[in-house]
Amino acid sequence: MTIKEFFSFKTNKYFWLNIIAMIAVVLLILFVALKGLDVYTRHGEAVIVPDVKEMTIQEASAMLRNHGLEYMVADSNYVKDKPAGVILDLNPAAGHKVKEGRMIYLTVNTRNIPLRPVPDVADNSSYRQAQAKLLAAGFKLDKVQLVSGERDWVYGVKYQGRQLVAGEKVPMGAFLTLMVGSGSGEAKEDSIAAAVETMKSSSPESSSAEDDSWF
């Protein structure tokens, strides 16, 4: 076979028609595959997450479903000034673009006030230290109750008139009363001692002893 005969297929029109047909089939297959992938993944379709904050679960549910979205209550929190059961937050946040059918995770305001352990501040903290710890833990402070002891030293914590033990749980945001030393403990002891001495000096035995001294 000569070289001329080997390359003679270039002049055959059926050869080029077959090549063009094969290229067309490959391109068609690629187009159909990519188009099908877009349809399957909903490429280019986006839904804007609506703002359902401050809504009840029923209201938020209706709005999310109208936008083609699913929802799930994933967490709860307590905000005193908001009604129980309203939406506090959502993830993804309002305004984000998501695919239709996306799950939206909601945080709702709990109906019950959560309980929190009271920090252990009795007999190991000054008034300022105890105040900072209790406020940081989410509690509020009522009027201070002064007790005998070292000035500005905390000797106990009360809630609704009852003294608490370390680690006891009370409602978050509750008003607590600190039992703080007035610094008058030593003065009281001195006054008691002085009173005892006065009583001794005024007793009949001491009087008779003084009278005998005159003789």
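Q: By class, how many nonpolar, polar and charged residues does the lining of the largest pocket have?
A: This is a predicted model. Tyr78, Lys80, Ile113, Gly138, Lys140, Pro171, Met172, Gly173, Ala174 and Phe175 line the largest pocket. Gly counts as polar and Lys as charged, while Tyr and Pro count as nonpolar. The lining therefore splits into six nonpolar, two polar and two charged residues.

Q: How much space lies in the largest pocket?
A: Residues lining this pocket include Lys80, Lys140 and Phe175. The space in the largest pocket is about 180 Å³.

Q: How many helices and strands make up the secondary structure of the chain?
A: Strand E9 covers residues 154-159 and helix H6 covers residues 204-212. For the chain, the secondary structure comes to six helices and 12 strands.

Q: What share of the residues of the chain count as buried?
A: Buried means under 20% relative accessible area. The chain has 215 residues, and the buried share is 23%.

Q: Is Val98 buried or exposed?
A: Val98 sits in strand E4. The relative accessibility of Val98 is 7%, and the cut-off for buried is under 20%, so Val98 is buried.

Q: How many salt bridges does the count come to?
A: The pairs include Arg65 with Glu70, at 3.3 Å from N to O. Glu168 and Arg162 form another, at 2.8 Å. The count comes to four salt bridges.

Q: How many residues apart in sequence are the parts that the pair of Asp89 and Lys53 ties together?
A: The closest N and O atoms of Asp89 and Lys53 are 3.9 Å apart, and the two form a salt bridge. Asp89 lies in strand E3 (residues 87-91), and Lys53 lies in the loop between strand E1 (47-48) and helix H3 (57-66), so the parts tied together are 36 residues apart.

Q: Which accessibility class do Asp89 and Lys53 fall in?
A: Asp89 has a relative accessible area of 37%. Lys53 stands at 40%.

Q: What is the relative accessible area of Glu70?
A: Glu70 meets Arg65 in a salt bridge. Arg65 is partly exposed at 47%. Glu70 is also partly exposed, with a relative accessible area of 35%.

Q: What is the relative accessible area of Arg162?
A: Arg162 meets Glu168 in a salt bridge, N to O at 2.8 Å. Arg162 is partly exposed, with a relative accessible area of 43%.

Q: Where is Glu54, the residue with phi near 70 degrees?
A: The phi of Glu54 is positive, in a residue other than glycine. Glu54 counts as partly exposed, at 46% relative accessibility. Its place is the loop between E1 and H3.

Q: What is phi of Asp152?
A: Asp152 lies in the loop between strand E8 (145-147) and E9. Asp152 is partly exposed at 43% relative accessibility. Its phi is positive, in a residue other than glycine, with a value near 65 degrees.

Q: Is the peptide bond from Asn91 to Pro92 cis or trans?
A: Pro92 lies in the loop between E3 and strand E4 (97-98). Omega of the bond from Asn91 is near 0 degrees, and the bond is cis.

Q: How far apart in space are Pro83 and Thr56, C-alpha to C-alpha?
A: Pro83 lies in the loop between strand E2 (70-77) and E3. Pro83 is exposed, with a relative accessible area of 51%. In sequence, Pro83 and Thr56 are 27 residues apart, and in space their C-alpha atoms are apart by 9.1 Å.

Q: Where in the chain is confidence lowest?
A: The mean pLDDT of the chain is 79, and 74% of its residues reach 70 or more. pLDDT stays under 50 over residues 186-200 and over residues 202-215. Where pLDDT is low, the predicted coordinates should not be read in detail. Confidence is lowest, at a mean of 43, in helix H6.

Note on methods. Residues numbered from 1 in each chain as written. Predicted model: local features only at pLDDT ≥ 70, side-chain atom pairs only at ≥ 80, totals over all residues. Heavy atoms only, no water. Salt bridge = Lys/Arg side-chain N within 4 Å of Asp/Glu carboxyl O. Helix = DSSP H or I, 4+ residues; strand = E, 2+ residues; numbered from the N terminus. Buried < 20%, exposed > 50% of the residue type's maximum accessible area, 1.4 Å probe, protein only. 1 Å grid on protein atoms, 1.4 Å probe; cavity = no way out; pocket = protein on both sides within 12 Å on 5 of 7 lines; lining within 4 Å. Points joined across faces, edges and corners; volume = space filled by probe spheres on them. pLDDT = per-residue confidence, 0-100. Contact = heavy atoms within 4.5 Å.
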